[in-house]
Amino acid sequence: MNILRFITAGSVDDGKSTLIGRLLYDSKSILADQLEVLEQQSKNKNEDGVDLAILTDGLRAEREQGITIDVAYRYFATDKRKFIIADAPGHTQYTRNMITGASNSDLIIILIDARNGVTEQTRRHSIIASLLNIPKVVVAVNKMDLVDYSQEVFEGIKKDYEAIAKRLHLKEVYYFPISAFVGDNIVNTTDAMPWYKGESLLHFLEKVEINTSSYPHARFQVQYVIRPQTEALHDYRGYAGQILSGGYRQGDTIEILPEGITTTLTKIEIDGKEVAEASAGMPVVLHIADDIDISRGDYFVHPNHTPHMEQTVEATLCWMDRRELRPGGKYLLQQRSRLTKVIVKEIIYKIDVNTLEQTTEVESLKLNEIARVQLRAAVPLVYDPFQENPQMGSAILIDETSNATVGGVLISEE
């Protein structure tokens, strides 16, 4: 079974944690001992006698405030698919947490309280989904039970959101009227909304197609150089990592970047067994014909389809540190296994995540702010634009002294 990674987002108290709890509860993904603890701790009980939000609000501080303050990951499976859920915080000051949770998601569920309609938080989360190029957006209009399951309310919210989706160029948007508290249209469809002719949310999640790396060109990054140097494997030298996009075949001519040396792919191993070819997402060990000095973080590509190699790049940056970012700041840029020293040469403009307005002449970036920046690297960076190949266009900024992650980076074209 393949895995669907999705994130839930919405304003505070829109019911994100309850929705996830409902998915886990109604799909019978809760162990008996977990259910017993859940029943004991439940104060805000639904018709099943439990408070489903507790399943995701695992931190005590969160439960005391009744909010989600960090990204909580939950895992469950049905007989059709496995799921990884990221429950993101709703507060504006936790934008960095949401971007962290959304960065690897195939789909985003944006919850809207049927009583409140589209809010500033709805627009902000939609903008972030657009910036991160999340391919599929599910708009779940929650708490329909509190508006008497009104079709008019649902259609009004749908119309308002369609205007947002059009402005942000969100192409694949799906709409569901639900009640996470009661369970309407979550795992099973409900008789409470006979006007709704669609499927349940879980049924949709089980069958929705995942946009696996559609980028056709081969990209592989070395995570580990394997040299056992034992008597039995005296001459063994393999390069372990995951194929980021495209595919490789035994006998392919490949180019090692950033060195620019060409060689031949002599063998592909998966789980210790030799195979003729391998494709995106597979962990492999690659062997080459020539004895070349290759290090962790180097790339194997096909010579006729090479990525960009530039020392100066522009990127969208989400700042994640309490200390402000100022032009001239020196950091480490980590692209998966590759670390490169960079300088933030310029903050080109700051992006308002509520309106998409751009502010120029910015002196600094504060926590959770997003901007377009220019980076200058010590050596050429190997990348594809994020819009084309997220695996090769995403990175993080690391503080050289504290080793803390201070920024999320999307190397992209305007």
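Colleague: Which residues touch the most other members of the largest nonpolar core?

Modeller: In soluble globular proteins, nonpolar side chains tend to be buried together. In this predicted model, the largest nonpolar core has 65 residues, and Phe-6, Ile-109, Tyr-161 and Leu-205 touch the most other members. Both domain 1 (3-207) and domain 3 (308-411) give residues to this core, so it lies between them.

Colleague: What is Leu-205 in contact with, leaving aside its neighbours within four places in sequence?

Modeller: With those neighbours left aside, the contacts of Leu-205 are Leu-4, Phe-6, Arg-81, Phe-83, Leu-107 and Ile-109. There is also a second, separate core of 23 residues; among them are Trp-319, Val-342, Leu-397 and Val-406.

Colleague: Now the backbone. Which residues other than glycine have a positive phi?

Modeller: Most residues other than glycine have a negative phi, and most peptide bonds are trans. Here Tyr-149 has a positive phi, near 55 degrees, and sits in the loop between strand E5 (136-142) and helix H6 (151-168). Another case is His-169, with a positive phi of about 60 degrees; this residue is in the loop between H6 and strand E6 (172-177).

Colleague: Is His-169 buried or exposed?

Modeller: His-169 counts as exposed because its relative accessibility is 61%, and exposed means over 50%.

Colleague: Which peptide bond is cis?

Modeller: The bond from Leu-257 to Pro-258 is cis, with omega near 10 degrees. Pro-258 belongs to the loop between strand E11 (253-257) and strand E12 (261-270).

Note on methods:
Residues numbered from 1 in each chain as written. Predicted model: local features only at pLDDT ≥ 70, side-chain atom pairs only at ≥ 80, totals over all residues. Heavy atoms only, no water. Helix = DSSP H or I, 4+ residues; strand = E, 2+ residues; numbered from the N terminus. Buried < 20%, exposed > 50% of the residue type's maximum accessible area, 1.4 Å probe, protein only. Core = buried A, V, L, I, M, F, W, Y, C linked by side-chain atoms within 4.5 Å. Domains from an automatic or database assignment. Contact = heavy atoms within 4.5 Å.
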